[in-house]
Amino acid sequence: MISAEYEQEYWPTIQNAIDLLLTQSIGHRGLVSFENVYSCVYKCVCKNYSERLYHDLLFEVKIHWEKVNHELEVKAGQVLVKIFDSVLKQFESSLRGLIPLFTYMNRYLESRMDTDLRSELCRSFTSVLVDNHVNRVIGALEEAQLSAFTVPPSTVFSVVSGLYSLKRAPYIFAKYIPNVLPPMSVSELPLAVEETRMFQQNLIESGFSRGDQSKKRTGDSDILSKYYECFFPNSL
């Protein structure tokens, strides 16, 4: 295959399919001819155009995600969370279409480049789009907790699940999933105590009662001792 043949006969068909999968409604595949595109990819791989196809694919998806990234920059609050959730769902939907289409190219990535298409697409998506907005989205979710159902629980669950699948913001999941973060060292215990104190203080300021404390120990040394007893029983 010569470059002109790839650029004029094969790549336009593949490029059109990529654009459709990135933008069309979730679950809708009627506009993409799987057999035709799959055949084009197969021929490109057989004619030693795997690496060219791989770089063209990454460039194409990057252009789309950069456009979405700019659209998110002007959003905030509940609107940002809602659109960000839609973006995550669209990304997962596009993966379900792209990865099967590029099966033969994926074999090249696994054998020659020690990676796979899903990993590369996720890496590109997170670096171009997700990492630019994850802190603002988390901030909006935390603000929403102050008013019940400002953001629907289903949306919160969807966003958190999407971030977890992309291995982003692990400290969020530490509240709900044990052993997500690395084990705590002895030197980190005072910081954990202080974070616990601040969390309790925030609850009090928000109107929550401490209840009957007459049977509970208080003070820095008691709290710190309890941490040591639980996690480092042989260090005392």
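A nonpolar core is a set of buried Ala, Val, Leu, Ile, Met, Phe, Trp, Tyr and Cys residues joined through side-chain atoms within 4.5 Å. Keep that in mind for the second stop. The model is predicted.

**Stop 1: confidence.** Colour the protein chain by pLDDT. The average is 81, and 75% of the residues score at least 70. Select residues 50-72, helix 3: confidence is highest here, at a mean of 95. Now select residues 220-231. This is helix 10, where confidence is lowest, at a mean of 51. Where pLDDT is low, the predicted coordinates should not be read in detail.

**Stop 2: the core.** The largest nonpolar core holds 55 residues. Select Ile14, Phe102 and Met105, the members that touch the most others. Then show helix 1 (3-23), helix 2 (34-46), helix 3, helix 4 (77-101), helix 5 (103-112), helix 6 (117-144) and helix 7 (153-165); each gives the core at least two residues. Helix 6 supplies the largest share, 13 residues.

**Stop 3: Met105.** Centre on Met105. Setting aside neighbours within four places in sequence, which residues is methionine 105 in contact with? Pick out Val41, Val45, Ser50, Leu53, Tyr54, Leu57 and Leu117.

**Stop 4: helix 1 against helix 4.** Hide the rest. The two axes lie 8 Å apart, at an angle of about 150°. Angles over 145 degrees count as roughly antiparallel, so helix 1 and helix 4 are roughly antiparallel to each other. On the helix 1 side, select Ala17, Ile18, Leu21, Leu22 and Thr23. They meet Gln90, Ser94, Gly97, Leu98 and Leu101 of helix 4. By class, this contact has six nonpolar and four polar residues, with no charged ones.

Note on methods: Residues are numbered from 1 along each chain as its sequence is written. This is a predicted model: local features need pLDDT of at least 70, side-chain atom pairs count only at pLDDT 80 or more; totals for chains, interfaces and linings use all residues. Side-chain values use heavy atoms; hydrogens and water are left out. pLDDT is the predictor's confidence in each residue, from 0 to 100. Helices (H or I, at least four residues) and strands (E, at least two) are DSSP runs, numbered from the N terminus. Buried means under 20% relative accessible area, exposed over 50%, partly exposed in between (1.4 Å probe, protein chains only). Contact means heavy atoms within 4.5 Å. Axes are lines fitted to C-alpha atoms, for helices over the stretch in contact, and angles run from 0 to 180 degrees between N-to-C directions. Angles under 35 degrees count as roughly parallel, over 145 as roughly antiparallel, 65 to 115 as roughly perpendicular and the rest as oblique. Ala, Val, Leu, Ile, Met, Phe, Trp, Tyr, Cys and Pro count as nonpolar, Asp, Glu, Lys and Arg as charged, and the others, Gly among them, as polar.
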